[in-house]
Amino acid sequence: MLTRVLRLPRRTWTAGVAAVALVVSVLAAMPASGAASDACRVDYTVDAWAGGYTAQVRITNLGPAASDWRLTWTYTGDQQVTSAWNATVTQTGASVVAVDAGWNGALATGGTAEFGLQGTWRSADPVPDDFALNGLSCGGDGGTPPTTPPPTTPPPTTPPPSAECGDAVICSGFEDQAGPEPSGDWRFTAPDCQGTGSAVVDSAVAHEGSRSLRVDGRAGYCNHAFVAHTADLSAVGPVMYVRMWVRHTTALPVSHVTFVSMPDSAQGGRALRVGGQNGALQWNRESDDATLPAQSPAGVALSRPLPTDGWQCLRFAIDTSAGHLDTWLGDEQVPGLHADGVPTQDVDQQWLARGTAPRPTALRLGWESYASGDDTVWFDDVAVGSAPIGC
């Protein structure tokens with residue numbers, strides 16, 4: 001007999017804009033030599049909002065040990081997978097295939113593996129129920145249907161994030177800047193040492209409106225050039241959401257660079273930093289130089305480059321109580337820039353070495369290089385608040 005259990009899980013924070021959360025656990029009884037034998041169990045936890053979702057998938061192997069795994073399922077709505085972490089996920093039509101990442105392929109009897117994915121939907125987002133592990137079904141149509149069908153739209157009291165700032169503490173498109181020198185709520189600063197890097201208000205390039213912040217960053221440690229907002233962010237939270245539009249001209253270099261710096265009271269005022277290394281985006285913690293992701297080839301591959309010569313929407317969420325981090329480039333959640341407290345190989349080995357949650361107190365935008373790496377960077381439509389802010 002097939003049984004299927006529907007239950008409400010604890011909501012995860014990673015989607016930032018989660019409106020509904022459902023878990024489907026599917027336990028299959030497969031015939032073997034005339035007797036029933038359990039094949040697998042899949043826990044599919046989905047956080048959904050209007051037009052998008054993330055899902056955390058946990059596989060429990062109830063059959064023989066396997067050296068690698070392949071999980072398949074079929075979407076009955078119009079979901080489309082856009083990215084994944086800890087597995088390679090491909091989709092053809094409604095059929096989805098998830099294959100282990102190599103390092104997490106071994107699956108003992110009773111063992112588990114977890115991976116995550118992000119996607120979009122337009123008209124319907126039902127939870128799949130036909131999972132199969134290495135060709136053996138983890139469920140089917142014979143199960144007891146859930147008494148409450150999964151909702152396909154978020155409750156009206158929890159709307160999806162808006163591109164507008166709402167009650168954000170910082171909401172700036174630099175339109176209030178009267179001259180080329182940053183003024184008002186924005187002040188030029190060189191936190192450690194100043195060289196030839198510079199920052200101006202640019203009236204020729206903008207994401208929206210007529211102005212943006214332009215930083216001409218120069219290579220070398222003593223070329224710090226940042227513009228800091230005067231707002232005190234120490235009370236923003238418990239999850240701090242940051243949204244900005246960024247445009248730059250030169251691909252991120254191999255050496256370490258920073259373009260967002262946030263003084264962090266949990267590090268004694270040293271900075272929580274967003275920048276790049278080995279050509280891809282990364283988080284860096286100044287106090288111990290920990291990086292997210294780990295700078296191994298596999299870790300860097302789980303991050304993303306910052307595309308040049310066009311405006312990019314960069315968003316991140318900082319949980320100031322649990323220490324979790326999430327990062328989106330456009331509408332894609334970047335798997336290598338995701339830290340949820342659960343160790344993930346090639347991602348957060350260094351990051352989890354420190355147990356104290358970050359507590360940013362201010363926002364600085366600019367350029368800081370520790371070796372090579374000149375760049376010209378523009379920032380526009382910057383927002384920081386306690387609620388998700390869309391692109």
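Start at C171, which is partly exposed, with a relative accessible area of 49%. Here buried means under 20% relative accessible area, exposed over 50%, and partly exposed in between, with a 1.4 Å probe and protein chains only. The model is predicted: local features need pLDDT of at least 70, side-chain atom pairs count only at pLDDT 80 or more, and totals for chains, interfaces and linings use all residues. Residues are numbered from 1 along each chain as its sequence is written, and side-chain values use heavy atoms, with hydrogens and water left out.

**The disulfide at C171**

A disulfide joins the two, S to S 2.1 Å. A disulfide is a pair of cysteine sulfur atoms within 2.5 Å. The torsion about the S-S bond of C165 and C171 is about 80°, so this disulfide is right-handed. C165 is buried, at a relative accessible area of 15%.

**C313 and C391**

Next, select C313 and C391. They are joined by a disulfide, S to S 1.9 Å. Its S-S torsion is about -90°, so the disulfide is left-handed. The pair links distant parts of the chain, 78 residues apart: C313 is in strand β22 (residues 312-319), and C391 is in the segment after β26 (375-385). Strands (E, at least two residues) and helices (H or I, at least four) are DSSP runs, numbered from the N terminus. C313 is buried, with a relative accessible area of 4%. C391 is partly exposed, with 33%.

**C40 and C138**

Move to C40 and C138. Their sulfur atoms lie 1.6 Å apart, and the two form a disulfide. C40 lies in strand β3 (residues 35-49) and C138 in the loop between β11 and β12 (170-172), so the pair ties together parts that are 98 residues apart in sequence. The torsion about the S-S bond of C40 and C138 is about -110°, so the disulfide is left-handed. Both C40 and C138 are buried.

How many disulfides does the count come to by this rule? Three. With the bonded cysteines of the chain numbered in sequence order, the pairing is 1-2, 3-4, 5-6.

For another cysteine, click C222. C222 is partly exposed, with a relative accessible area of 41%.

**The five-stranded sheet**

Now color the open sheet of five strands. Its order is β7-β8-β5-β10-β11, with antiparallel pairing. The edge strands are β7 (87-92) and β11 (136-137), and each pairs on one side only. Two strands pair if DSSP finds at least two bridges between them. Zoom in on β10 (residues 132-133) and β11: they pair in the antiparallel sense over two bridges. Select L133; its bridge partner in β11 is L136.

**Two cis peptide bonds**

Go to G237 and P238. The peptide bond from G237 to P238 is cis, with omega near 10°. P238 sits in the loop between β16 (225-229) and β17 (239-248).

Then pick L292 and P293. A cis peptide bond joins them, with omega about 5°. P293 is in the loop between β21 (290-292) and α1 (297-301).

**Two positive phi angles**

Select F174. Its phi is positive, about 65°, although F174 is not a glycine. F174 is in the loop between β12 and β13 (186-189). Is F174 buried or exposed? At 1% relative accessibility, F174 counts as buried.

Finish at D381. D381 is a residue other than glycine with a positive phi, near 45°. D381 lies in strand β26. At 15% relative accessibility, D381 counts as buried.
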